[in-house]
Amino acid sequence: MTSTASSNDSTTATMSKSLYIDGVWTAPVHPRTVPVVNPAMGKSIGHIAVGASDDVERAVRAARAAFSSWSVTPVAARVAMLDKIYHLILERKELLAQAIMTEMGAAISFARASQVPLAAEHIRVARDLASSYPFLKIEGHTAIAREPIGVCALITPWNWPLYQITAKVGPALGAGCTVILKPSELSPLSAELFAQIVHDAGVPAGVFNLIQGSGPEVGEALATHDDIDMISITGSNRAGALVAQAAAVSVKRVTQELGGKSPNVLLPDADFARVVPLGVMSAFRNVGQSCSAPTRMIIPRHRLAEVESLVAATVNVMVVGDPRSEETVLGPIANEAQFLRVQALIEAGIAGGARLVCGGPGRVEDLTEGYFVRPTVFSDVTTDMRIAQEEIFGPVLSLMPYDTVDDAINIANDTKYGLGAHVQSEDLDSARAVASRIRSGQVHINHPAWDPHAPFGGYKRSGNGREYGIYGFEEYLETKAILGYA
Ligand code: NAD
């Protein structure tokens, strides 16, 4: 496919042959391409140029040079840039939704209603925080200055491709940092459109740089680079640990947003008719490819049969199919490797003794092309099973019965992860008491609305650091104490 993402032609979704470094689209030092696969077809639809360590060198030089001016640019000017980026995302929302649908299979209605608008929210929140943030506070005779940490490398995954990018780029730019973004090589299209938006917003050269490419090449070159001050990665535990190891020698700040296996505890007094369908929809949102998807529904044993039938009724009407159709709820799994992993874990569920309530291995009937999996629910799942411990990242839900509330909490906490959690109860005090005993970075009570200010991140193996809102913003700041200031 030909390159079209020039500054004169900013609204096309075709694939560029370029990287965006120092304010211009440019070819890699050693040009190489990788295929981009549309998961609904299971076929390559073109190629994207990818960079390597030489391109990282160029981008780091540009970001370092730009840091000296961007870090002292008046906050109002940074806020104005974020405002332009926010409005350009809204203006180009349909193009972005189409790109996300094409690159990772999101159903178009979901891409339009969630993937793009929630991504825009991160920029809006960063804009608002930057405009009111106290970058200097006086405490006694000491001033506490919060200053941008420096040049930041931002590594993002494919599952919420634009949303993960804006959750990092927004606060980084608002704080006064310069960035090098490496999106997932499996979802390059929305990243390219986003880079064009940053360009068209007038962000100065070198402040934002994009290098498409693989984790082991571009990602590792960023993690090991001596002149990068911070690296933020969202991805698998494996990649997060490799980045931390590689970054250790240069003593960078490392933030990691990693995997999850989130519980959804239904207390006996919950409104089952409401919360069970909502629990299924939360677990299967984005085809289950969300790190905080509540994929373990923890249920009073004596209500198990009732929950199974409510769950089956919800799943059986979910439309699986062509993501271009407005009716589709579940598109394909985003890529072949993930499709095979989901299939293997459904098989592991059966082999491990869990009981199928609906779905199962194999392809969806009549969908012979693409990576479509059957929405699958297992019951009688116990904590020793692989499907109760491993992140599946597909539309697979485990129903886990409990006898007492203490049991429910033990089951909820019995994984290496601690990212998201849900509690359902008609009695807020009971729900709060359980929420306080769950070891995870977020707990949702009775399916509340999304809150872009609520900090997001992991306990245990789910990561280090927080994103979103003020907690995410402050990750990009250093703290300087100036004694004798006042
Ligand atoms: P992944 O780990 O394969 O890739 C994530 C990113 O890391 C990609 O850009 C990839 O190229 C890069 N990468 C891979 N190996 C690397 C290395 N050695 N050095 C540097 N970079 C490397 O993950 P994925 O398959 O893209 O995404 C799915 C995973 O992401 C799941 O485990 C999911 O839970 C997690 N995730 C977490 C959050 C969160 O906020 N906690 C959000 C979304 C996804």
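In which direction, left-handed or right-handed, does helix 2 cross helix 4? I will come to that after a word on the model.

This is a predicted model, in which local features need pLDDT of at least 70, side-chain atom pairs count only at pLDDT 80 or more, and totals for chains, interfaces and linings use all residues. Residues are numbered from 1 along each chain as its sequence is written, and side-chain values use heavy atoms, with hydrogens and water left out.

Helices (H or I, at least four residues) and strands (E, at least two) are DSSP runs, numbered from the N terminus.

First, the helix pairs. Helix 2 passes helix 4 in a left-handed crossing. A crossing is left-handed if the near helix is turned anticlockwise from the far one by less than a right angle, and right-handed if clockwise. The axes of helix 2 and helix 4, the latter covering residues 108–132, come within 9 Å and cross at roughly 165 degrees, which makes helix 2 roughly antiparallel to helix 4. Axes here are lines fitted to C-alpha atoms, for helices over the stretch in contact, and angles run from 0 to 180 degrees between N-to-C directions. Angles under 35 degrees count as roughly parallel, over 145 as roughly antiparallel, 65 to 115 as roughly perpendicular and the rest as oblique.

On the helix 2 side, the residues making the contact include Val-75, Val-79, Leu-82 and Asp-83; on the helix 4 side, Arg-124, Ala-126 and Arg-127 are among them. Contact means heavy atoms within 4.5 Å. By class, this contact of helix 2 with helix 4 has 12 nonpolar, two polar and four charged residues. For the classes, Ala, Val, Leu, Ile, Met, Phe, Trp, Tyr, Cys and Pro count as nonpolar, Asp, Glu, Lys and Arg as charged, and the others, Gly among them, as polar.

Also in helix 2, which spans residues 75–91, is Ala-80. Ala-80 counts as partly exposed because its relative accessibility is 36%. The cut-offs are under 20% relative accessible area for buried, over 50% for exposed, and partly exposed in between (1.4 Å probe, protein chains only). From the C-alpha of Ala-80 to that of Pro-332, 252 residues apart along the chain, the separation is 38 Å.

The second pair is helix 9 (residues 272–284) with helix 10 (residues 304–316), whose axes come within 9 Å and cross at roughly 55 degrees. That angle makes helix 9 oblique to helix 10. Their crossing is right-handed. Phe-272, Val-276 and Phe-284 of helix 9 are among the contact residues, as are Leu-310 and Thr-314 of helix 10. The contact of helix 9 with helix 10 has 11 nonpolar, one polar and one charged residues.

Now the strands. Two strands pair if DSSP finds at least two bridges between them. Strand 3 (residues 33–38) and strand 4 (residues 43–49) run antiparallel and are joined by six bridges. Thr-33 stands opposite Ala-49 of strand 4. The hairpin of strand 3 and strand 4 has four residues between the strands, and there Gly-42 takes a positive phi near 70 degrees.

An open sheet of three strands has the order 5-6-22, paired antiparallel. Its edge strands, each pairing on one side only, are strand 5 (136–139) and strand 22 (477–482). Neighbouring strands of this sheet are turned by 20 degrees against each other on average, direction ignored. Strand 5 is joined to strand 6 (residues 142–148) by four bridges, and Ile-138 has Ala-143 of strand 6 as its bridge partner.

What about strand 16? Seven of its seven residues are buried, so strand 16 is largely enclosed by the rest of the structure. In a regular strand the side chains alternate between the two faces of the sheet. Here Val-396, Ser-398, Met-400 and Tyr-402 point one way, Leu-397, Leu-399 and Pro-401 the other, and all are buried. Strand 13 (residues 296–300) runs parallel to strand 16, with five bridges, and Pro-300 stands opposite Tyr-402. Strand 15 (residues 376–379) also runs parallel to strand 16, with three bridges; there Val-377 stands opposite Leu-397.

Last, two loop residues. Phe-393, in the loop between helix 12 (386–389) and strand 16 (396–402), has a positive phi of about 60 degrees although it is not a glycine. Phe-393 is buried, with a relative accessible area of 14%. Asp-22 lies in the loop between strand 1 (19–21) and strand 2 (24–26). Phi of Asp-22 is near 55 degrees, positive in a residue other than glycine, and Asp-22 is partly exposed at 42% relative accessible area.
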